[in-house]
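Subject: Structure for your review

Dear colleague,

Please find the structure below, followed by an account of what was found in it.

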Amino acid sequence: LGDKLGNVFDGLTGRGALSESDVNKAMREIRIALLEADVALPVVKQFVEKVRKEAVGEKVIKSIKPGQMVVKIVNDALIDMLGGTLSDDDADKAEAAKANALNLAGRPPVAILMAGLQGSGKTTTTGKLGLYLRTALKKKVLFASLDTNRPAAMDQLGMLAEQAGTGFLPIVKGETALQIAKRAMSEGAKGGYDVVFLDTAGRTTVNDELMDEVEAIAKATNPIETLLVADSLTGQDAVETANRFNARLPLTGLVLTRIDGDGRGGAALSMRAVTGLPIKFLGTGEKLDGLEAFDAERLAGRILGQGDIVSLVEKASQVINEKDAALAAEKMRKGQFDLDDLAKQLGQMQKMGGMGGLMKLMPGMGKMKKQLDAAGGVDDKLLKQQQAIILSMTPHERQNPGVLKASRKKRIAAGSGMSVQEVNKLLKMHRQMSDMMKKMSKGGMAGMMQAMQG
Ligand code: GDP
Ligand code: MG
């Protein structure tokens with residue numbers, strides 16, 4: 001998805017506000033990209049419409065590709081749709097986090113019912129959540145297997161209970177799933193447990209028999225959480241499954257497993273959008289530590305596949321002085337990138353966390369980083385030293401680096417407390433940068449970023 005979107009955004013080269021046709025073109029691509037990422041069609045439509053509205057006429061920072069602004073709009077829309085908050089307000093953040101966390105507020109023992117298709121990861125997730133509740137929240141946890149058909153399923157849960165250090169309720173021969181569930185609740189109460197996990201038997205497809213059984217269990221045990229566990233790799237099918245379970249059970253949340261596989265995150269977006277249920281956890285591996293509390297921002301990043309491009313855009317928009325950038329761009333086009341301009345660029349780099357920080361944020365930086373390394377321009381401490389060297393030059397020298405012969409270099413070196421060799425390195429870097437920048441269509445820090453990404 002990332003590559004695809006990257007191409008979309010490269011195509012958006014307009015300046016200022018995005019034109020409607022820019023946006024429409026991008027939306028077509030985003031639509032395809034989302035469909036390829038397994039997002040359900042109605043969700044895609046809804047999503048694209050939302051983004052389109054925001055992108056048309058959105059004020060775009062002049063020195064940055066409008067495309068990146070669209071990336072940000074798309075990203076924000078993803079976060080919003082995934083149930084995250086875009087607010088910086090701590091109270092809002094806390095509320096969003098609470099909606100995505102397990103609810104345990106009830107008279108103990110509270111029941112957590114695990115529902116889902118066979119093989120979706122219910123039993124494994126039970127083990128993971130049990131370990132998490134026992135260790136992080138100091139809860140006394142009981143596991144009960146309701147799978148009367150497959151003895152192996154019970155053994156699997158028993159082993160997980162041992163690993164997680166939780167209690168385990170074995171099945172008594174001849175019991176029905178409903179009977180075990182009721183017994184689990186009474187044993188849970190007797191044993192002073194806080195939480196009882198009811199790990200239901202799955203079926204390979206949703207059928208009435210399964211639904212009747214799980215529905216009866218839910219009625220009898222009144223779970224505080226009824227979690228639908230779904231395999232993120234099943235994509236579109238997961239959405240259909242979620243709909244059917246949601247129609248019969250009072251679901252309280254979703255757990256998406258196998259996020260560690262090459263699932264594209266689209267299932268999560270669809271399930272959340274279609275059911276309106278919060279995603280509470282992600283399964284990220286087979287082992288018991290393979291559990292992540294759901295984080296809308298992180299998943300949006302995964303879906304978008306653009307790494308930290310978005311935070312880069314945000315950072316850049318904070319520090320880049322638009323006028324300076326436009327001026328530098330103009331000079332570069334004319335091949336007049338002088339040392340004053342370099343000093344400004346260095347200052348901007350510093351504000352953005354130095355080149356090291358920048359490089360980490362940007363995809364495809366290998367070649368550029370090597371070039372700058374060779375020129376000695378990557379070290380963040382060097383940025384300051386390089387600025388000092390430039391400050392020791394006269395205005396005339398800064399605008400005409402060609403006049404810098406040996407004696408002037410010596411004076412500058414002494415003035416900045418650096419060696420002549422270092423002055424030479426800086427001048428070499430300036431030459432390389434101005435060469436590079438001449439090749440760019442647009443200038444400023446933004447132009448540089450574009451060249452780096454390209
Ligand atoms: P259940 O039938 O719903 O109880 O599914 P299980 O818990 O038995 O899981 C089925 C298979 O999926 C097992 O081999 C698990 O190890 C595996 N599994 C479950 N969750 C994850 C996950 O988040 N990542 C990976 N890679 N495998 C998982
Ligand atoms: Mg199971």
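Of the 454 residues in the chain, 44% are buried (20 or more other C-beta atoms within 10 Å of a residue's own; 12 or fewer make it exposed, and anything in between partly exposed, with C-beta atoms placed from the backbone). This is a predicted model, in which local features need pLDDT of at least 70 and side-chain atom pairs count only at pLDDT 80 or more, while totals for chains, interfaces and linings use all residues. Residues are numbered from 1 along each chain as its sequence is written, and chains are lettered from A and ligands numbered from 1 in the order in which they are written.

The chain holds 22 helices and eight strands (DSSP runs numbered from the N terminus: H or I of at least four residues for helices, E of at least two for strands). Among contacts between residues at least 6 apart in sequence, 76% join residues at least 24 apart; a contact requires C-beta atoms, placed from the backbone, within 7 Å.

The sheet

Eight strands form an open sheet in the order S3-S2-S4-S1-S5-S6-S7-S8, with mixed pairing (two strands pair if DSSP finds at least two bridges between them). Its edges are strand S3 (167-169) and strand S8 (291-293), each of which pairs on one side only. On average, neighbouring strands of this sheet are turned by 25° against each other, direction ignored; axes are lines fitted to C-alpha atoms, for helices over the stretch in contact, and angles run from 0 to 180 degrees between N-to-C directions.

Strand S1 (110-115) has six of its six residues buried. Val110, Ile112 and Met114 cover one side and Ala111, Leu113 and Ala115 the other, and all are buried. S1 pairs with S4 in the parallel sense over five bridges, and Ala111 stands opposite Val196 in S4. Four bridges join S1 to S5, again parallel, with Ile112 opposite Glu225 in S5. Strand S2 (residues 141-145) runs parallel to S3 and is joined to it by three bridges; the bridge partner of Ala144 in S3 is Leu169.

Helix H8 lies across S1, S2, S3 and S4, at about 165° to S2. Helix H11 (residues 266-275) also packs on the sheet, touching strand S5 (225-231), strand S6 (253-257) and strand S7 (279-283), and its direction makes about 170° with that of S6.

Ligand 1 is surrounded by 19 residues, of which the closest are Gly121, Lys122, Thr123, Thr124 and Gly283 (a residue is near the ligand if its C-beta atom, placed from the backbone, lies within 6 Å of it). The shell divides into one nonpolar, 14 polar and four charged residues (Ala, Val, Leu, Ile, Met, Phe, Trp, Tyr, Cys and Pro count as nonpolar, Asp, Glu, Lys and Arg as charged, and the others, Gly among them, as polar).

Helix H6 (residues 122-135) gives the most to this shell, with three residues. Eleven of the 14 residues of H6 are buried, including Lys122, Thr123 and Thr124.

The loop at Gly191

Gly191 lies in the loop between helix H8 (177-190) and strand S4 (195-199). Gly191 counts as partly exposed because it has 13 C-beta neighbours inside 10 Å. Beyond its neighbours within four places in sequence, Gly191 is in contact with Leu142 and Gly167. Gly191 and Pro109 are 82 residues apart in sequence and 9.3 Å apart in space, C-alpha to C-alpha.

Yours sincerely

Key:
Contact = placed C-beta atoms within 7 Å.
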